Amino acid sequence: MKLRFTKMQGAGNDFVVLDATRAPIKLTPQQYQRLAHRRFGVGADQILIVGPAPSPQVDFSYRIVNADGSEVEQCGNGARCFVKFVHDRGLTDKRRIRVQTLSGVIEPSLQPDGRVTVDMGPPAFAPERVPFDAAGLQPRLEGDGELWPLEVDGTSVWVAVASMGNPHAVQRVDDVQSAPVERLGPLIEGHPRFPRRVNAGFMQIVSRTHIRLRVYERGSGETLACGTGACAAVATGIRLGWLDRRVDVDTRGGQLSIEWSGGGASVFMTGPAVTVFEGEIEL
């Protein structure tokens with residue numbers, strides 16, 4: 001079969017975007033893997049499937065498939081590319097849309113400067129909401145938050161856990177460039193205390209309004225940027241008393257701006273969304 005696609009990126013987090021608004025697209029995990037493969041396919045961290053609205057309360061539906069063929073609940077950088085895609089393709093003339101995902105409704109909006117802001121919804125920190133198995137663990141309290149001890153590779157790593165519709169474990173490091181992301185990332189991702197696996201974040205605090213971040217993502221490995229990871233890092237940092245309410249996040253692929261006023265408020269993420277090229281592939 002021949003499949004039309006659009007290649008997009010947000011802060012270096014890259015995607016293959018498929019338009020399923022007029023007809024459903026049903027691919028196997030192996031076909032998704034082929035699309036995402038950087039030598040035998042198009043190459044991407046995730047595949048984004050743009051679907052029709054499942055109800056009058058939303059404008060579109062949105063599915064996210066990782067490079068390994070597994071479907072996930074949420075993708076912040078992908079959400080920004082989503083709104084640019086539907087706007088550029090003439091699928092809507094709205095600059096703010098409501099999109100149904102596996103984890104709920106998100107609201108991305110296209111800004112006059114070309115960047116996109118996404119209402120990512122409120123973060124969740126209760127272990128059972130992440131989900132995280134905290135049985136038998138004693139957290140260390142800081143500010144209004146908790147740091148949990150996680151046994152990894154024979155040592156204890158202190159992580160803050162959060163859900164942004166998908167699970168995150170964030171640890172603070174002195175220098176993000178030298179952090180052992182390649183070694184610890186996959187061990188944390190598949191740690192038995194995270195029954196649905198987890199995105200492993202490594203956060204360096206530059207100031208109360210500026211952090212550097214690397215994320216080892218479930219099913220994709222380390223990516224150049226992770227939007228939900230940036231939201232989780234900032235939200236946990238605010239809750240722990242380390243950060244202010246608005247923070248610039250430097251990733252390896254670009255900068256994101258995250259705002260959270262605490263409590264049950266939504267996290268807002270602003271960043272770039274860029275179309276790279278369009279094409280057709282035989283699967």
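Residues are numbered from 1 along each chain as its sequence is written, and side-chain values use heavy atoms, with hydrogens and water left out. Because the model is predicted, local features need pLDDT of at least 70 and side-chain atom pairs count only at pLDDT 80 or more, while totals for chains, interfaces and linings use all residues.

**Helices**

Helices (H or I, at least four residues) and strands (E, at least two) are DSSP runs, numbered from the N terminus. Buried means under 20% relative accessible area, exposed over 50%, and partly exposed in between (1.4 Å probe, protein chains only).

Helix α1 spans residues 29-36, and its buried residues are Tyr-32, Leu-35 and Ala-36. They lie on the same side of α1, because they cover an arc of only 90 degrees around the axis. The arc is that of the directions from the helix axis to the C-beta atoms. The buried residues of α1 pack against β1 (2-10), β2 (13-19), β3 (46-52), β4 (60-66) and β19 (274-282); contact here means heavy atoms within 4.5 Å.

In α3, the buried residues are Val-181, Leu-184, Gly-185, Ile-188 and Glu-189. Seen down the axis of α3, they fall within an arc of 130 degrees, so they line one face of the helix. The elements covering them include β10 (145-152), β11, β12, β13, β14 (210-217) and β15.

**Two threonines in strands**

Thr-223 is in strand β15 (residues 221-223) and is buried, at a relative accessible area of 5%. A polar atom of its side chain lies 2.9 Å from the backbone oxygen of Ala-225. Leaving aside residues up to four places away in sequence, Thr-223 touches Asn-13, Asp-45, Val-215 and Glu-217.

Thr-117 sits in strand β8 (residues 116-119) and is also buried, with a relative accessible area of 14%. Its side chain makes a polar contact with the side chain of Gln-111 (3.3 Å). A polar contact is a pair of N or O atoms within 3.5 Å; within protein, one must be able to donate a hydrogen and the other to accept it, and residues adjacent in sequence count only if both atoms are side-chain atoms. Not counting residues up to four places away in sequence, Thr-117 touches Gln-111 and others, including Glu-107, Pro-108, Phe-268 and Met-269.

**Backbone features**

Most residues other than glycine have a negative phi, and most peptide bonds are trans. Ala-11 is not a glycine, yet has a positive phi of about 55 degrees. Ala-11 lies in the loop between β1 and β2 and is buried, with a relative accessible area of 3%. Arg-197 also has a positive phi, of about 65 degrees. Arg-197 is in the loop between α3 (181-189) and β13 (199-207) and counts as partly exposed at 30% relative accessibility. A cis peptide bond joins Val-130 and Pro-131, with omega about -5 degrees; Pro-131 is in the loop between β8 and β9 (140-142).

**Cavities and pockets**

On a 1 Å grid over the protein atoms alone, a cavity is a set of points where a 1.4 Å probe fits but cannot get out, and a pocket is an open set with protein on both sides within 12 Å along at least five of seven lines; lining residues have an atom within 4 Å of a point. Grid points are joined across faces, edges and corners, and a volume is the space filled by probe spheres set on the points. In the table, Ala, Val, Leu, Ile, Met, Phe, Trp, Tyr, Cys and Pro count as nonpolar, Asp, Glu, Lys and Arg as charged, and the others, Gly among them, as polar.

| Space | Volume | Lining by class |
|---|---|---|
| Largest cavity | about 60 Å³ | three nonpolar, five polar, two charged residues |
| Largest pocket | about 230 Å³ | seven nonpolar, seven polar, one charged residue |
| Second largest pocket | about 150 Å³ | six nonpolar, two polar, two charged residues |

There are three cavities of 30 Å³ or more. Residues lining the largest cavity include Gln-46, Ile-64, Cys-75, Glu-217 and Arg-218.

The largest pocket, of about 230 Å³, is lined by 15 residues, of which Ser-103, Met-120, Pro-122, Met-164 and Gly-165 are the closest to its centre. Strand β7 (residues 104-110) gives the largest share of this lining, three residues.

Among the residues lining the second largest pocket are Arg-140, Trp-158, Arg-172, Leu-184 and Trp-242. The elements giving two or more residues to that lining are β11 (155-163) and β12 (167-172).
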